[in-house]
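User: I have a structure to go through and some questions about it. Can we start once it is on screen?

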Amino acid sequence: MMRRKRGGLKSARKMAKKTTPAALQTEISNNEEWEKLLTKTGLIGTLVDVYTEWSGPCTGMVSILKKIKMEVGGDALSYATAKCDYISDLERFQGKSEPTWMFIHNGRMVNLMFGAQCPQLLKLLTTELQRVQNGQDHEFSIHVSEESPEEVKRLKIIEEARTAKEVARKSRKEAEAIALYEAKMLHLTTSLSKETCLLLYPWVFKDEEGHKRDKKSSPPYVELVEKILPEKFIIEQEIRKRLNEDILDTMFNESDYALSPNAKQLLLDGKCMFIQLKVNGTIAEDDIHKYLLKLLFGQPELPNAETILNEECYAARHRPAYATDENVSEIFPVIWTPPNPRNKAIVFRTIFATYTNSTYPYEDKTENVPIVVFKYDYTRKNDLKIVLQEFEDEVIHFGIFESDKPPEAKLIGTNITELELTVKERTGYETFVCVVKKVGCEAFLGFAGIGPYHVSENPEKGIEESQLYFPDITAAEETQSDDEEKLEESTENPEENKNVTT
């Protein structure tokens, strides 16, 4: 009875005649050398240590590889190190620091292993050499530029983790945006509790021929400011503004009011007048809007296109001067006002932006958080990439500089991956600078735990250092009037604007 032939290194040892050990490895650093390696014949196999220039080959495995090579026999197994930065087939490994072992037979990849586990590598070598010895098929045999099953598996896990993280990040961002929106809305509705506004349609300021007329020649305007409003409201500001579709869409947020096509066309046909009002007297805060609606429409709500108004109310008494008997049945809206505090806040923020921002500025406490500056050298690049992804919401600024000599040092990148793919010539003196929010300890410990060579002493120093690397180059915007067309109006009608309060 024949004894079953044993595999492994013992069998492989019998294949090759004992010779003087050759050099342990071949160093490969370009496409030409790589192609030469793939065309080698007469080898049982080639084990390639794929590495990036910045991390270097895996030195921890040299002793075990030397032992294997000595036992197997000089030419039975070839060992090489390949610098993937300059080899087209290995581009997918660029920027990675984990040891990567590619087993090649007849110029094709037949296995791949990540990590520096000696037992696992020894098992892989033994298995693949035994398959070659016995003429067995490998589990796969693909071109070296293709992804191995292990790579596909890893990429799938990474993508699933990335997707889950992105979903979580997006949900967190949305929640933060909603919270900020509600905080700003509460601030404005509270601040504007004694104020409101209204809008007069462009036709109010047109004569019988459809030409512009002085506001004091307009019956709807005169009645409004002289008879309707004085009892309970003070006119704080009047502005002229030409609306567009975007402004209209924004203006009616936080309101269920819907413009009819006719009303929209009338609003867009010329300049509207917005009048900012302040309560003069005693009107309960919750009743300001209803009170003004009753004054204008005879009812405590905005009328829709089908609403038939009482002929005695202000809004029903006025029609355009250019209206004829032919369009007597046509509805001409004359005025509009925000129906509730939240919609009013939107209108003030959109139309009276300068007034609102200067009179009722919102202080976002999250913008005043203390910061800390971390600096890293090139050797921490890969660890830093991971930490940046994990705590990206806590990072205020990140930049890669050609040296640590601000402000002269040139900014060469703001993304590590892009730097790896686009900047081939690297000096090793590059400095990675992170400005991080110092809130809680998780993010701080994450960045501090990967070996920065510098951490700002305190928040004040952090601000100072941050300005050195990331100066605020945004010029202060010139403050403009809410009435963007006031200059034009003043030129055309100097007398008309004398009584306009700004």
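User: Which residues point one way from β4, and which the other way?

Analyst: This is a predicted model. In it, Thr100, Met102 and Ile104 point one way from β4, while Trp101, Phe103 and His105 point the other way. All of them are buried.

User: What does β4 pair with?

Analyst: Strand β5, residues 108-114, through six bridges, and the two run antiparallel. Tryptophan 101 has methionine 113 of β5 as its bridge partner.

User: What sits between β4 and β5?

Analyst: Two residues, and the two strands form a hairpin. Asparagine 106, in the turn, has a positive phi of about 55°.

User: Stepping back, how many helices and strands are there in the protein chain?

Analyst: 17 helices and 14 strands. The chain has 502 residues, and 43% of them are buried. It exposes about 28,200 Å², with carbon and sulfur atoms supplying 51% of that area.

User: What share of the contacts join residues at least 24 apart?

Analyst: 77%, counted among contacts between residues at least 6 apart in sequence.

User: Next topic, the five-stranded sheet. What is the strand order?

Analyst: The order is β12-β11-β13-β10-β14, in an open sheet with antiparallel pairing. β12 (411-413) and β14 stand at the edges with a single partner strand each, so one side of each has no neighbour in the sheet.

User: How many bridges are there between β10 and β13?

Analyst: Six, in the antiparallel sense. Valine 373 is opposite valine 435 of β13 in that pairing. Helix α13, residues 381-390, packs on the sheet and touches β10, β11 and β13. The direction of α13 makes about 25° with that of β13.

User: Which residues of α13 are buried?

Analyst: Lys381, Asn382, Leu384, Lys385, Val387 and Leu388. The buried residues of α13 pack against β10, β11 and β13, and also against helices α14 (416-422) and α15 (442-448).

User: Back to β11. Which strands is it joined to, and by how many bridges?

Analyst: Six bridges join β11 to β13, and two join β11 to β12. Both pairings are antiparallel. Glycine 399 stands opposite valine 433 in β13, and isoleucine 400 stands opposite glycine 413 in β12.

User: Is β11 enclosed or open, and why?

Analyst: It is largely enclosed by the rest of the structure, because five of its seven residues are buried.

User: Valine 395 is in that strand. What is it in contact with?

Analyst: Leaving aside neighbours within four places in sequence, valine 395 is in contact with Leu388, Val435 and Phe447. The C-alpha atoms of valine 395 and valine 372 are separated by 9.9 Å, and these two residues are 23 apart along the chain.

User: Which strands does α16 lie across?

Analyst: β10, β11, β13 and β14, and α16 runs at about 55° to β10. The buried residues of α16, which spans 459-469, are Gly462, Glu465, Ser466 and Tyr469. They cover an arc of only 105° around the axis, which puts them on the same side of α16.

User: What covers that buried side?

Analyst: The cover of the buried residues includes β10 (371-376), β11 (395-401), β13 (431-437) and β14 (454-455).

User: And what happens at the start of α16?

Analyst: A side-chain oxygen of asparagine 458 comes to within 3.2 Å of the backbone nitrogen of glutamate 460.

User: Last one, glutamate 223. Buried or exposed?

Analyst: Buried, at a relative accessible area of 15%. Glutamate 223 lies in helix α6, residues 219-228.

User: What does its side chain make a polar contact with?

Analyst: The side chain of histidine 318, at 2.5 Å. Apart from neighbours within four places in sequence, the residues in contact with glutamate 223 are Ile228, Tyr314, Arg317 and His318.

Technical notes:
Residues numbered from 1 in each chain as written. Predicted model: local features only at pLDDT ≥ 70, side-chain atom pairs only at ≥ 80, totals over all residues. Heavy atoms only, no water. Buried < 20%, exposed > 50% of the residue type's maximum accessible area, 1.4 Å probe, protein only. Helix = DSSP H or I, 4+ residues; strand = E, 2+ residues; numbered from the N terminus. Arc of directions from axis to C-beta. Contact = heavy atoms within 4.5 Å. Polar contact = N/O pair within 3.5 Å; in protein donor to acceptor, adjacent residues only side chain to side chain. Pairing = 2+ DSSP bridges. Axes fitted to C-alpha atoms, helices over the stretch in contact; angles between N-to-C directions. Areas by Shrake-Rupley, 256 points an atom, 1.4 Å probe, with all protein chains shown as cover.
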